[in-house]
Amino acid sequence: MDEITRLMRTKAKELLEKGEVDRVLGWEKGMFFYSTPPVFIDKPEDAEKLVWDDFAINNLAIYLLDKRNQESKVALFVKGCDSRAVVRLLQDNQVKRENLYLIGIPCPGLKDPKTAVRGYYKDAGQVPKAKKCEECQHPNPVLYDELLGSPVEQPPKKDKFAEVSELEKKSADEKYLYWQAQSDKCIRCFACRNICPACSCKDCLLDCSKPRWLDKEVDVAQNQFFHMIRVWHVADRCIECGECERVCPAGLPLMQLNRKLIKDINELFGPYEAGMDLEQRPPLTEYKTGDPEEFM
C-alpha cells in the first residue's frame with residue numbers, strides 16, 4: 001500500500017471516529033486500473049476505501065457545493081488545484097471555513113483516465129501525465145489544516161500564455177474562423193460548466209427559460225454564445241485546474257479561452273492568480289481609483 005493511501009485512511013478513520021467531521025471526501029479505486037473516482041465516506045470502517053494513486057485526478061472542491069456537504073462538517077483531501085478551488089469558494093462565501101478540515105496532498109502530477117482509455121494502455125506505467133498536470137505550476141496545496149507527506153519540487157516556470165500569444169497574432173478573420181471551428185464541435189453537454197469549481201451560481205442563467213438566454217438548438221452561434229458567457233463568468237475565478245478541458249468529450253481547447261481572459265486581466269490589473277491567497281481579492285470584484293479606464 002502506498003504511504004499516502006495509508007495516511008489518508010488512518011486520518012479519515014480518526015476524524016470520523018472522534019466525530020470531528022461528518023463526512024470525508026476523497027478517492028476510491030474503481031473497476032479499471034485507470035479509474036479512481038471521488039468517494040464520500042461517513043462511516044469509520046469505510047475509510048479503507050480511500051486511495052491515492054496516479055488517477056486521483058478529479059478536483060474534489062466542486063462537491064463542496066452539494067447542499068449535503070454545505071450543511072455538514074467535511075474533511076477534504078486537497079491537491080494544489082483542489083486547494084486553490086477551496087480558496088475561491090471561500091472568497092465567494094459559498095462555503096464556511098469552520099465547516100472544512102483540509103488535508104493537503106502534494107501532487108507529483110497525475111494521469112487522465114480518458115487518455116488511458118483512448119490509448120489502450122495495459123497498465124498505469126504506460127500512461128502519460130495529464131495535460132493539465134503538465135501545465136500545473138502549483139502542485140502543492142496552498143491552504144490546508146495538515147499536510148500528508150513532503151512538498152514536491154516546484155516545477156520550472158513556463159509561459160502559460162504561449163498558446164494565447166500565438167492566437168493573438170492571427171487576424172480578426174482568422175481568429176473568428178478558428179473559434180467557429182471549435183464551437184462547431186461542441187455538443188453543449190455542459191460538462192465544462194458542471195465540473196468547474198469556479199462556476200458556483202445556484203441558478204445558472206443558461207438554464208433559465210424566462211427569460212431564455214440560450215436556445216435549445218445546438219448550433220455554432222448558440223455554442224459561441226455559451227462559451228463566451230461561461231468564460232466571462234469565471235474570468236477572475238479560474239484556478240486553471242483544467243478540469244473543463246479534461247472532461248470535454250469534443251476535445252475543445254477551453255483553457256485557451258480561459259487563459260486569454262486571465263492574460264488580459266494580468267495586463268490590465270497586474271499579476272494575479274486566482275485561489276492563491278485567501279486575503280487577495282479578485283480584481284473584478286473590487287474597485288480601485290487607479291484601475292485602467294481607457295476602454296470607457
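User: Which residues of helix α9 are buried?
Analyst: This is a predicted model, and burial here means a relative accessible area under 20%. What covers the buried residues of helix α9 includes α7 (172-185), α8 (191-195), α10 (243-247) and α11 (254-269). The buried residues themselves are Gln-222, Asn-223, Gln-224, Phe-226, His-227, Arg-230 and Val-231.

User: How far apart are the end C-alpha atoms of helix α9, and what span should its 14 residues have?
Analyst: Helix α9 covers residues 220-233, and at 1.5 Å a residue its 14 residues should span 20 Å. The separation of the end C-alpha atoms agrees with that expectation, for they are 20 Å apart.

User: Which residues of strand β2 lie on its covered face?
Analyst: In a regular strand the side chains alternate between the two faces of the sheet. In strand β2, which comprises residues 38-41, Pro-38 and Phe-40 belong to the uncovered face. The covered face is made up of Val-39 and Ile-41.

User: Is Leu-167 buried or exposed, and which residues does Leu-167 touch?
Analyst: Leu-167 is found in helix α6, residues 162-168, and because its relative accessible area is 14%, Leu-167 is buried. When residues up to four places away in sequence are not counted, Leu-167 touches Lys-175, Tyr-178, Trp-179 and Gln-256.

User: How far apart in space are Leu-167 and Arg-193?
Analyst: Along the sequence, Leu-167 and Arg-193 are 26 residues apart. Taken from C-alpha to C-alpha, their separation in space is 24 Å.

User: What is the accessible area of the nonpolar surface patch that includes Phe-269?
Analyst: Phe-269 has its place in helix α11, and with a relative accessibility of 32% Phe-269 counts as partly exposed. On the surface, Phe-269 forms a nonpolar patch with Leu-268 and Leu-284, and together the three have an accessible area of about 250 Å².

How values were computed: Residues are numbered from 1 along each chain as its sequence is written. This is a predicted model: local features need pLDDT of at least 70, side-chain atom pairs count only at pLDDT 80 or more; totals for chains, interfaces and linings use all residues. Side-chain values use heavy atoms; hydrogens and water are left out. Buried means under 20% relative accessible area, exposed over 50%, partly exposed in between (1.4 Å probe, protein chains only). Helices (H or I, at least four residues) and strands (E, at least two) are DSSP runs, numbered from the N terminus. The expected span of a helix is 1.5 Å times one less than its number of residues. Contact means heavy atoms within 4.5 Å. Patches are made of residues with over 30% relative accessible area and no salt bridge: like charges are joined within 9 Å, nonpolar side chains (Val, Leu, Ile, Met, Phe, Trp, Tyr) within 5 Å. Accessible areas come from the Shrake-Rupley method with a 1.4 Å probe; for residues, only the protein chains shown count as cover. A salt bridge is a side-chain nitrogen of Lys or Arg within 4 Å of a carboxyl oxygen of Asp or Glu.
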